Amino acid sequence: MEKFPHLSDDFHFAIANVAAYSSRLEYHIERTIHKSLAGTPETAEYLLKNTGSDRLVGLLKALLLDLFPDEKAQVDNLVSLIKSARKERNQIFHNTWITGATPETSINVSSRPFREFLYKEMKSEQVQQIAEDLREASRALLEWQKHLPQVQSQPSD
């Protein structure tokens with residue numbers, strides 16, 4: 001395996017952390033929905049198998065608001081964090097990294113046909129902060145899960 005020569009070890013490490021914490025967040029989004037729908041296992045299974053990940057975030061929000069209507073501000077903050085971190089994650093993974101203007105930076109570029117040219121010069125610490133945001137969102141979902149009913153069913157094969 002070869003590293004990109006224009007990215008420092010810190011960048012490689014930060015990007016790997018974004019991948020790892022992103023996966024954990026996606027798991028906890030689904031796990032929180034599953035636990036929220038503990039009384040309706042067939043519905044939970046259908047929704048989790050047939051709903052795209054962006055729409056699952058909306059479903060997560062709706063379920064948490066139904067179950068905890070007095071916690072609207074907290075739910076809104078969590079969903080905003082999830083959406084923002086996922087958007088940043090997508091840019092990290094789906095854009096190209098090129099050499100930055102200084103040794104400690106790299107430029108994240110999107111120059112896809114028929115789309116707006118976008119770029120953002122970043123330090124590895126900024127990429128690592130995105131990983132931390134993903135991790136924080138996962139931790140918050142774990143806290144919400146503690147207040148949800150226990151799941152009684154297992155998904156069918």
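Buried here means under 20% relative accessible area, exposed means over 50%, and partly exposed is in between, with a 1.4 Å probe and protein chains only. Ser-22 sits in helix 1. Leaving out residues up to four places away in sequence, Ser-22 touches Arg-89 and Leu-134. Contact means heavy atoms within 4.5 Å.

A word on the source. This is a predicted model, where local features need pLDDT of at least 70, side-chain atom pairs count only at pLDDT 80 or more, and totals for chains, interfaces and linings use all residues. Residues are numbered from 1 along each chain as its sequence is written, and side-chain values use heavy atoms, with hydrogens and water left out.

Now the overall picture. The protein chain has 5 helices and 3 strands. Helices (H or I, at least four residues) and strands (E, at least two) are DSSP runs, numbered from the N terminus. From that end, the order is α-α-α-α-β-β-β-α. The C-alpha atoms fill a box of roughly 55 × 35 × 35 Å along the principal axes. Of the 157 residues, 39% count as buried. Take the contacts between residues at least 6 apart in sequence: 65% of these join residues at least 24 apart. The chain exposes about 9900 Å², and carbon and sulfur atoms supply 52% of that. Those areas come from the Shrake-Rupley method with a 1.4 Å probe; for residues, only the protein chains shown count as cover.

Next, helix packing. Two packed helices are described by the angle between their axes and the distance between the axes. Axes are lines fitted to C-alpha atoms, for helices over the stretch in contact, and angles run from 0 to 180 degrees between N-to-C directions.

Back to helix 1, residues 9-36, with helix 5, residues 124-146. Their axes come within 8 Å and cross at roughly 20 degrees. Helix 1 and helix 5 are therefore roughly parallel. The cut-offs: under 35 degrees is roughly parallel, over 145 roughly antiparallel, 65 to 115 roughly perpendicular, and the rest oblique. The crossing of helix 1 with helix 5 is left-handed. That is, the near helix is turned anticlockwise from the far one by less than a right angle; clockwise would be right-handed. By class, this contact of helix 1 with helix 5 has 15 nonpolar, 8 polar and 5 charged residues. Ala, Val, Leu, Ile, Met, Phe, Trp, Tyr, Cys and Pro count as nonpolar, Asp, Glu, Lys and Arg as charged, and the others, Gly among them, as polar.

What about helix 1 and helix 3, residues 53-67: at what angle do they pack? About 40 degrees, with the axes 10 Å apart. Helix 1 and helix 3 are therefore oblique to each other. Here, too, helix 1 passes helix 3 in a left-handed crossing. The contact of helix 1 with helix 3 divides into 9 nonpolar, 3 polar and 2 charged residues.

Two more residues. Ala-44 lies in helix 2, residues 41-50. Ala-44 counts as buried, because its relative accessibility is 1%. Beyond its neighbours within four places in sequence, Ala-44 contacts His-34 and Leu-37.

Last, Gly-100, in the loop between strand 1 (96-99) and strand 2 (105-110). Gly-100 is buried, at 15% relative accessible area. Leaving aside neighbours within four places, Gly-100 contacts Thr-105, Ser-106, Ile-107 and Glu-121.
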